[in-house]
Amino acid sequence: MEDMIPLMTRATERTVGLVRAVRPEQLGLPTPCANFDVKGLINHLEWVAELFESLARTGPRVEQGPYAGDFHDRAERTLAAWSRLETWEGTSPAMGLPMGVLAHMYLVDMVVHGWDLARATGQEYEPEPAAVSRALHFTDQMVEMGRQRGAFGPPVAVPDDAPEFDRLLGVIGRDPAWKAQVPA
């Protein structure tokens, strides 16, 4: 827990900053996450924050609601819930997974969806190396379960000597070379 909370906090803060910088005219842009345009991705992030707050409080698995534009507030509540020592104990009744696994899932979401949003909107994004390393190590162990649950796509080939972040993106099904489509 001691090392995960700072990683989760900094990854969340980076993603919150990206969300805040999105302009209204960018909401319809495509993202590297094939299921979402920018607005859909932000809505997904809102749900991720709400879900992981509920799970941290041993609550139910919540369903995604409509776009609300309140990711920052939800993310703050999520981090507050995970900062409690008792949150890290045992297994989630709703998900059947150890709480530490859920914390890693949240970290992967923040790191990767931050990149998705930055790429789609032309923002700079440099994830924290320690967060990338932790996310890659976790994802390497959980990738098959992630694919079975629909969280990850088919792998994208990247060179073995590629940077860690490119390898993380590739293993979960993102093309590190993805670029936003610039209108002509």
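**Close-up views of a predicted model**

**View 1. Helices α1 and α4 side by side.** The axes of helix α1 (residues 4-20) and helix α4 (residues 99-121) come within 9 Å and cross at roughly 25 degrees. Here helices (H or I, at least four residues) are DSSP runs, numbered from the N terminus. Axes are lines fitted to C-alpha atoms over the stretch in contact, with angles from 0 to 180 degrees between N-to-C directions. That makes α1 roughly parallel to α4, a label for angles under 35 degrees. On the α1 side, the contact (heavy atoms within 4.5 Å) is made by M4, L7, M8, A11, T12, T15, L18 and V19. On the α4 side, the partners include A103, H104, Y106 and L107. By class, this contact of α1 with α4 has 13 nonpolar, four polar and no charged residues. Ala, Val, Leu, Ile, Met, Phe, Trp, Tyr, Cys and Pro count as nonpolar, Asp, Glu, Lys and Arg as charged, and the others, Gly among them, as polar.

This is a predicted model: local features need pLDDT of at least 70, side-chain atom pairs count only at pLDDT 80 or more, and totals for chains, interfaces and linings use all residues. Residues are numbered from 1 along each chain as its sequence is written, and side-chain values use heavy atoms, leaving out hydrogens and water.

**View 2. Helices α5 and α6 together.** Helix α5 (residues 129-148) and helix α6 (residues 164-172) have axes that come within 9 Å and cross at roughly 20 degrees. The two are therefore roughly parallel to each other. Nine nonpolar, two polar and four charged residues make up the contact of α5 with α6. Among them, P129, V132 and R147 belong to α5, while E164, F165 and I172 belong to α6.

**View 3. The largest nonpolar core.** Such a core is a set of buried Ala, Val, Leu, Ile, Met, Phe, Trp, Tyr and Cys residues joined through side-chain atoms within 4.5 Å. Of its 60 residues, M8, W82 and V111 touch the most other members. Helices α1, α2, α3 (71-82), α4, α5 and α6 each supply at least two residues, and α4 gives the most, with 14. Leaving aside residues up to four places away in sequence, M8 touches L79, W82, W88, A103, Y106 and L107.

**View 4. A look at H44.** Find H44 in helix α2 (residues 38-56). Because its relative accessibility is 12%, H44 counts as buried, a term for under 20% relative accessible area (1.4 Å probe, protein chains only). H44 touches F36, Q64 and H113, not counting residues up to four places away in sequence.

Key:
Buried means under 20% relative accessible area, exposed over 50%, partly exposed in between (1.4 Å probe, protein chains only). Angles under 35 degrees count as roughly parallel, over 145 as roughly antiparallel, 65 to 115 as roughly perpendicular and the rest as oblique.
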